[in-house]
Amino acid sequence: MSYENSCYNHEQRHNHEIQGSVEIAEPQEEPHNHRFATVSGEAIPYGQGNHYHDVAFHTDFYEDHFHEFCGRTSGAIPVGGNRHVHFLESVTSVNDGHRHEFRVATLIEDPIGERCSK
């Protein structure tokens, strides 16, 4: 398979896995939540030596509906071992007359890479 398309010709910096659950919505009528899993976009530099990531996902289905999100993470948060995570707190799209709040931290980047201090 050839990857000569310009969509694939770029330098990869790093990205993060993200998984979580949204908070319960409609607590009085039909309480429910949703799960999601995705991989962030590439690192987008800003400021002096920091960066953030674009994030987009669809939740799983519940009673014939799902929700979407499109936004950005916080800057890098060091966690030791020359690694970092990012934080994301926001709300999903409105669907079926409601939306969900969520808070999530990304997983560390490149978990078995050589940059990790032992």
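This is a predicted model: local features need pLDDT of at least 70, side-chain atom pairs count only at pLDDT 80 or more; totals for chains, interfaces and linings use all residues.
**Figure 1**

**Figure 2. The stacked pair F36 and F57.** A pair of aromatic rings is described by the distance of the centres and the angle of the planes. In the whole model the count comes to 7 aromatic pairs. For F36 and F57 the ring centres are 4.0 Å apart and the planes are at 5 degrees, so this pair is stacked; planes under 30 degrees apart count as stacked. F36 lies in strand β2 (residues 35-39) and F57 in strand β4, so the pair ties together parts that are 21 residues apart in sequence. Both F36 and F57 are buried.

**Figure 3. The edge-to-face pair F69 and F102.** Here the rings of F69 and F102 are 5.1 Å apart, centre to centre, with 85 degrees between the planes. This aromatic pair is edge-to-face, the word used for planes over 60 degrees apart. F69 is part of strand β5 (residues 68-72) and F102 is part of strand β9, so the pair ties together parts that are 33 residues apart in sequence. F69 and F102 are both buried. Together with F36 and F57, they form one aromatic cluster.

Figure 4. T106 is placed in the segment after β9. Its relative accessibility is 7%, so T106 counts as buried; the limit for buried is under 20%. The side chain of T106 makes a polar contact with the side chain of H16, at 3.4 Å. Not counting residues up to four places away in sequence, T106 touches H16, E17, I18, T73, V85 and H86.

Figure 5. N82 is found in the loop between β6 (77-80) and β7 (83-85). Phi of N82 is near 60 degrees, a positive value in a residue other than glycine. At 52% relative accessibility, N82 counts as exposed, since exposed means over 50%. D96 is placed in the loop between β8 (87-91) and β9. Phi of D96 is also positive, near 55 degrees, and D96 too is a residue other than glycine. With a relative accessible area of 43%, D96 is partly exposed.

**Figure 6. E26, a buried residue with no salt bridge.** E26 is in the loop between β1 (17-21) and β2. Where is the nearest side chain of opposite charge? That side chain belongs to R99 and is 12 Å away. E26 is buried yet has no salt bridge. Not counting residues up to four places away in sequence, E26 touches P31, H32, D96 and H98. One of these, D96, is the residue with phi near 55 degrees.

How values were computed:
Residues are numbered from 1 along each chain as its sequence is written. Side-chain values use heavy atoms; hydrogens and water are left out. Rings of Phe, Tyr and Trp (its six-membered ring) pair if their centres lie within 6.5 Å; planes under 30 degrees apart count as stacked, over 60 as edge-to-face and the rest as tilted. Helices (H or I, at least four residues) and strands (E, at least two) are DSSP runs, numbered from the N terminus. Buried means under 20% relative accessible area, exposed over 50%, partly exposed in between (1.4 Å probe, protein chains only). A polar contact is a pair of N or O atoms within 3.5 Å; within protein, one must be able to donate a hydrogen and the other to accept it, and residues adjacent in sequence count only if both atoms are side-chain atoms. Contact means heavy atoms within 4.5 Å. Lys and Arg count as positive and Asp and Glu as negative; His and the chain ends are not counted. A salt bridge is a side-chain nitrogen of Lys or Arg within 4 Å of a carboxyl oxygen of Asp or Glu.
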